[in-house]
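Please look at the sequence and the structure shown here before reading on. The report is meant to be read beside them.

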Amino acid sequence: MALADRLAENPPLDIDGCSVGKLLARLDGAELDALQVMLGTPDNWGWTAPDIYEALKAEGHAVGFKAINKHRGSKCRCAA
């Protein structure tokens, strides 16, 4: 079987980003700004991953704990 045939039988999943990236896309205004500050930049580290996770969980957002550092390091689906 050729690769093209395998691809036709099993198309790639339609995944548009990690849980952090999806949340960033949904938020706006002060909430978006707050999460961006929490995530930090190379010059400003922001909050720790456990603190971000707990804050998001307390606000009712479903974000994977490991996804926070993967997103920060550009090692998640958003970076693809």
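## Basis of the description

This is a predicted model, in which local features need pLDDT of at least 70 and side-chain atom pairs count only at pLDDT 80 or more, while totals for chains, interfaces and linings use all residues. Residues are numbered from 1 along each chain as its sequence is written, and side-chain values use heavy atoms, with hydrogens and water left out.

Helices here are DSSP runs (H or I, at least four residues), numbered from the N terminus. Two packed helices are described by the angle between their axes and the distance between the axes. The axes are lines fitted to C-alpha atoms over the stretch in contact, and the angles run from 0 to 180 degrees between N-to-C directions.

## Packing of H2 against H3

Helix H2, residues 19–26, packs on helix H3, residues 29–39, at an angle of about 145°, and the two axes are 9 Å apart.

On the H2 side the contact (heavy atoms within 4.5 Å) is made by Val20, Leu23 and Leu24, and on the H3 side by Leu32, Leu35, Gln36 and Leu39. The residues of this contact of H2 with H3 divide into six nonpolar, one polar and no charged, where Ala, Val, Leu, Ile, Met, Phe, Trp, Tyr, Cys and Pro count as nonpolar, Asp, Glu, Lys and Arg as charged, and the others, Gly among them, as polar.

Helix H4 (residues 49–58) and helix H5 (residues 65–72) pack at about 125°, with 9 Å between their axes. H4 and H5 are therefore oblique to each other (angles under 35 degrees count as roughly parallel, over 145 as roughly antiparallel, 65 to 115 as roughly perpendicular and the rest as oblique). H4 passes H5 in a right-handed crossing. In this contact Ala49, Pro50, Ile52 and Tyr53 of H4 meet Phe65, Ile68, Asn69 and Arg72 of H5, and the residues of the contact of H4 with H5 comprise six nonpolar, one polar and one charged.

H5 also packs with H2, their axes coming within 8 Å and crossing at roughly 80°, and that makes H2 roughly perpendicular to H5. Here Ser19, Val20, Gly21 and Leu24 in H2 meet Ala67, Ile68 and His71 in H5, and the residues of the contact of H2 with H5 divide into four nonpolar, three polar and no charged.

## The aromatic pair

A pair of aromatic rings is described by the distance of the centres and the angle of the planes. Rings of Phe, Tyr and Trp (its six-membered ring) pair if their centres lie within 6.5 Å, with planes under 30 degrees apart counted as stacked, over 60 as edge-to-face and the rest as tilted. By this rule the count comes to one aromatic pair. The rings of Tyr53 and Phe65 have centres 5.6 Å apart and planes at 85°, so the pair is edge-to-face.

Tyr53 lies in helix H4 and Phe65 in helix H5, so the pair ties together parts that are 12 residues apart in sequence. Tyr53 counts as partly exposed at 25% relative accessibility, and Phe65 counts as partly exposed at 41% (buried means under 20% relative accessible area, exposed over 50% and partly exposed in between, with a 1.4 Å probe and protein chains only).

## Individual residues

His71, which lies in helix H5, is buried, with a relative accessible area of 19%. Leaving aside its neighbours within four places in sequence, His71 is in contact with Cys18, Val20, Gly21, Leu24, Leu39, Cys76 and Cys78. Ser74, in the segment after H5, has a phi near 55°, a positive value in a residue other than glycine, and counts as exposed at 52% relative accessibility.

Thr41 is found in the loop between H3 and H4 and is partly exposed, with a relative accessible area of 44%. Thr41 and Arg72 are 31 residues apart in sequence and 8.3 Å apart in space, C-alpha to C-alpha. Gly29, found in helix H3, is partly exposed, with a relative accessible area of 44%; the C-alpha atoms of Gly29 and Arg6, 23 residues apart along the chain, are separated by 44 Å.

Technical notes
Helix = DSSP H or I, 4+ residues; strand = E, 2+ residues; numbered from the N terminus. Left-handed = near helix turned anticlockwise from the far one by under 90°.
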